[in-house]
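Here are my notes on the model, point by point. Have the structure open beside you as you read.

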Amino acid sequence: MIYLKTDEEIELLRENNLLVSRTLAEVGRHIAPGVTTKQLDTLAEEFIRSHGAVPAFLGYQGYPASLCISVNEEVVHGIPSSKRVLREGDIVSVDCGTFLKGFVGDSAYTFAVGEVAEEVRQLMEVTKEALYKGTAQAKAGNRVGDISAVVQEYSESFGYGVVRELEGHGLGRKMHEDPGVPNYGARGRGPLLKEGMVICIEPMITMGGKAILFGRDGWTVTTRDRKPAAHYEFAVAIRKNGPDVLTDFSIIEQAINK
Ligand code: MF3
Ligand code: CO
């Protein structure tokens, strides 16, 4: 069941996703060698609560933290830990959710810790560009497969792997609504996109093979070949005039590029 949102509901979703963007900016400012992923989780939780919101991930299906922090070969759903110390050259995918005024925010960004290898920098850039190309297809009259196909084609044209087992989703009063938004597929297939739909597009792209492993902690997803992966996520509303991106990466990029 796909729930179409009113303009007022879309503004509440924007409020949530702006708070997520500001939280990710705050996290990005603190990413450095020697910092633990637990420290980042603590500051995110405090930041979210200080804005009158609740971390949407905390307690979700028993998830024990406010952020998912996935380092290098970890693709998504890494659990923050005081034992996980960031090192120069790591890449860190941070996924954040909020619950405010009855709606959910959900966005993700992959950060570099200091200088990263050129090939890893390219993986990050291509994954973000795949998200942008997918977002451009998020317009009424298109189908979900139009988004999926461009994300897949662009990523694979660099020889990268596109994770199959996890996908984007509708976003609203619940974090995961219909439709599912896969990162692979065929143009013209899948659910029709309509004005008022809000979806999360979230490519998970690997430098090597697309195969993943589900960790023994019940959460952490890693690449099978232990090559690095990147993950970026936008919440996007489908409006009369095209895609309306509710997440704001410019806040994050201003915070980390100074
Ligand atoms: N943000 C993830 C998604 O995009 C879900 C996080 S799983 C949780 O679907 F358990 F941490 F909430
Ligand atoms: Co999501």
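Helices (H or I, at least four residues) and strands (E, at least two) are DSSP runs, numbered from the N terminus. Before the points, some housekeeping: this is a predicted model, where local features need pLDDT of at least 70, side-chain atom pairs count only at pLDDT 80 or more, and totals for chains, interfaces and linings use all residues. Residues are numbered from 1 along each chain as its sequence is written, chains are lettered from A and ligands numbered from 1 in the order in which they are written, and side-chain values use heavy atoms, with hydrogens and water left out.

1. Let's begin with the backbone. Asn72 sits in the loop between β2 (67-71) and β3, and its phi is positive, about 55°, although Asn72 is not a glycine. Lys101 also has a positive phi of about 55° without being a glycine; look for Lys101 in the loop between β4 and β5. With a relative accessibility of 52%, Lys101 counts as exposed (the scale: buried is under 20% relative accessible area, exposed is over 50%, partly exposed is in between, using a 1.4 Å probe and protein chains only).

2. There is a cis peptide to check as well. The bond from Asp178 to Pro179 is cis, with omega near 0°. Pro179 belongs to strand β8 (residues 177-181).

3. Asp106 in strand β5 (residues 103-112) and Glu202 in the loop between β9 (198-201) and β10 (204-206) link distant parts of the chain, being 96 residues apart. Asp106 is buried at 2% relative accessibility, and Glu202 is buried at 7%.

4. Val75 deserves a look. This residue lies in strand β3 (residues 74-76) and is buried, with a relative accessible area of 0%. Its contacts, leaving out residues up to four places away in sequence, are Ser70, Ser93, Val163, Met204, Ile212, Val221, Thr222, Thr223, Ala229 and His231 (contact means heavy atoms within 4.5 Å). Val75 and Lys227 are 152 residues apart in sequence, yet their C-alpha atoms are 9.7 Å apart in space.

5. Thr36 is in the loop between α1 (7-30) and α2 (37-50), and Arg84 is in the loop between β3 and β4 (91-100). Buried or exposed: what is Thr36? Thr36 is buried, at 12% relative accessible area, whereas Arg84 is partly exposed at 27%. Not counting residues up to four places away in sequence, Thr36 touches Ser81, Ser82, Arg84 and Val85. With the same exclusion, Arg84 touches Val35, Thr36, Thr37, Val71 and Glu74.

6. On to helix packing. Two packed helices are described by the angle between their axes and the distance between the axes. Axes are lines fitted to C-alpha atoms, for helices over the stretch in contact, and angles run from 0 to 180 degrees between N-to-C directions. Helix α3 (residues 118-136) packs on helix α4 (residues 144-156) at about 155°, the axes being 8 Å apart. That makes α3 roughly antiparallel to α4 (under 35 degrees is roughly parallel, over 145 roughly antiparallel, 65 to 115 roughly perpendicular, and the rest oblique). Val126, Glu129, Ala130, Lys133 and Gly134 of α3 meet Ile147, Val150, Val151, Tyr154 and Ser155 of α4.

7. The other helix pair is α1 with helix α5 (residues 249-256), whose axes come within 8 Å and cross at roughly 15°. That makes α1 roughly parallel to α5. From α1, the contact uses Leu18, Ser21, Arg22, Leu24, Ala25, Gly28 and Arg29, and from α5, Ile251, Ile252, Ala255 and Ile256.
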